[in-house]
Amino acid sequence: MPFWVLSASDLLLSKRTYNAQLRLHFVVFLWGFTAILGDIISVDSIPLVTYRMLIAVISIYAFLKFKGVNVAVSGPLRWKLYGAGMIIALHWITFFHAIKISTVSVTLACIGSGTLFVSILEPLFFRRKIALSEVLLGIAVAAGIFTIANAETSYINGVIVALISAFLSALFSVMNGMLVKKSNSAVITVHELFGGWLAIALLMIAQLAFGERSVESISLTAKDVGLLIVLGTIATAYAFIESVAVMKELSPFTVVLTINLEPVYGILLAYFLLGDDEKMSPEFYFGALIILASVLINGYLKRKQRRRSQETS
């Protein structure tokens with residue numbers, strides 16, 4: 001084959017990879033932006049997540065039907081997906097609640113610990129030993145969180161709720177990693193989101209029925225409606241579909257490493273868009289840096305471990 005043909009092929013491959021990386025960064029940017037939207041939308045976390053999941057379910061379902069994808073799954077799998085959906089719903093509820101009672105920056109910094117929660121949960125689910133490096137990095141993350149909590153003592157409740165949210169996110173990721181092998185990932189997601197939406201919608205109805213919540217607490221302004229449509233369609237449905245699409249061009253390591261930048265994008269956006277309430281102390285940013293560095297080092301070590309196992313097999 002002529003040399004110039006190889007060069008053109010390599011150039012095309014490089015361009016496709018570069019475009020995929022840009023698209024992935026945009027998706028991660030959108031995920032970081034969800035925290036900003038959650039802070040601006042006036043309703044509390046339960047109705048917020050209820051509306052978000054409903055809009056996302058409708059959007060993804062419409063996309064799948066347009067593509068002619070069969071969305072049916074078996075009965076036993078459906079109930080497992082509904083269970084996973086309840087976990088992601090709880091993750092989002094605690095995530096937005098942490099933002100409401102603290103700040104976007106504090107919440108996102110603590111959410112960055114989710115990757116290392118995965119490192120703890122994976123051995124339990126897949127019955128493997130916990131690596132020493134994971135223990136040491138877990139200690140580093142704990143030090144980063146302690147630094148943040150010590151620097152921002154007025155937001156300690158937000159730190160606790162955000163850590164619960166990070167754990168739920170990690171639990172969902174591990175469970176989803178087992179479920180995604182059983183069907184199309186978009187089909188699985190639409191069932192998970194529907195199951196999660198159904199559970200919290202019933203919870204919200206029960207709160208209304210027993211007088212624990214007023215109708216005014218779930219009422220939306222015109223501004224809220226617009227922001228929720230952006231949150232449910234662009235920042236949830238589109239972001240998910242696009243994140244799956246770029247995986248065809250990028251390595252899993254690149255995808256995971258880029259997703260770990262979500263707190264960075266979110267904290268920067270909060271700093272510039274939300275004013276003085278999001279300007280934290282130097283100690284906070286030092287603690288956030290410790291967490292981010294630990295997560296990135298963990299990703300690097302995982303990549304080296306994967307390469308080593310591939311070479312020996």
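Some ground rules come before the details. Residues are numbered from 1 along each chain as its sequence is written, and side-chain values use heavy atoms, with hydrogens and water left out. Because the model is predicted, local features need pLDDT of at least 70 and side-chain atom pairs count only at pLDDT 80 or more, while totals for chains, interfaces and linings use all residues.

**Helix pairs**

Two packed helices are described by the angle between their axes and the distance between the axes. Helices here are DSSP runs (H or I, at least four residues), numbered from the N terminus. Axes are lines fitted to C-alpha atoms over the stretch in contact, with angles from 0 to 180 degrees between N-to-C directions.

| Helix pair | Axes come within | Crossing angle |
|---|---|---|
| H2 (residues 45-66) and H9 (residues 222-246) | 8 Å | roughly 50 degrees |
| H4 (residues 104-111) and H7 (residues 156-179) | 8 Å | roughly 40 degrees |

The angle of roughly 50 degrees makes H2 oblique to H9. Oblique is what remains once angles under 35 degrees are called roughly parallel, over 145 roughly antiparallel and 65 to 115 roughly perpendicular. H2 passes H9 in a right-handed crossing, that is, the near helix is turned clockwise from the far one by less than a right angle. On the H2 side, the residues that meet H9 include Leu48, Tyr51, Ile55 and Phe63, and their partners in H9 include Leu228, Leu231, Phe240 and Ile241; contact means heavy atoms within 4.5 Å. Sorted by class, this contact has 13 nonpolar, 4 polar and 1 charged residues. For these classes, Ala, Val, Leu, Ile, Met, Phe, Trp, Tyr, Cys and Pro count as nonpolar, Asp, Glu, Lys and Arg as charged, and the others, Gly among them, as polar.

For the other pair, the angle of roughly 40 degrees makes H4 oblique to H7. The crossing of H4 and H7 is right-handed. Val106, Thr107, Cys110 and Ile111 of H4 meet Val159, Ala162, Leu163, Ser165 and Ala166 of H7. That contact has 7 nonpolar, 2 polar and no charged residues.

**Nonpolar cores**

A nonpolar core is a set of buried Ala, Val, Leu, Ile, Met, Phe, Trp, Tyr and Cys residues joined through side-chain atoms within 4.5 Å. The largest one has 73 residues, and Met53, Phe96 and Leu231 have the most contacts inside it. Helix H3 (residues 75-101) gives the largest share of this core, 12 residues. Beyond residues up to four places away in sequence, Met53 touches several residues, among them Trp92, Leu193, Trp197 and Ile200. A second, separate core of 10 residues includes Trp31, Ala239, Val246 and Val255.

Leu64 is found in H2 and is buried, at 2% relative accessible area; buried means under 20%, exposed over 50% and partly exposed in between, with a 1.4 Å probe and protein chains only. Leaving aside neighbours within four places in sequence, Leu64 is in contact with Val69, Val71, Ala186, Val187 and Val190. Ala186 is 122 residues from Leu64 in sequence, yet their C-alpha atoms are 7.8 Å apart.

His91, in helix H3, is buried as well, with a relative accessible area of 9%.

Val230 sits in H9 and counts as partly exposed, at 31% relative accessibility. With neighbours within four places set aside, Val230 is in contact with Leu37 and Ala235.

Methods. Helices (H or I, at least four residues) and strands (E, at least two) are DSSP runs, numbered from the N terminus.
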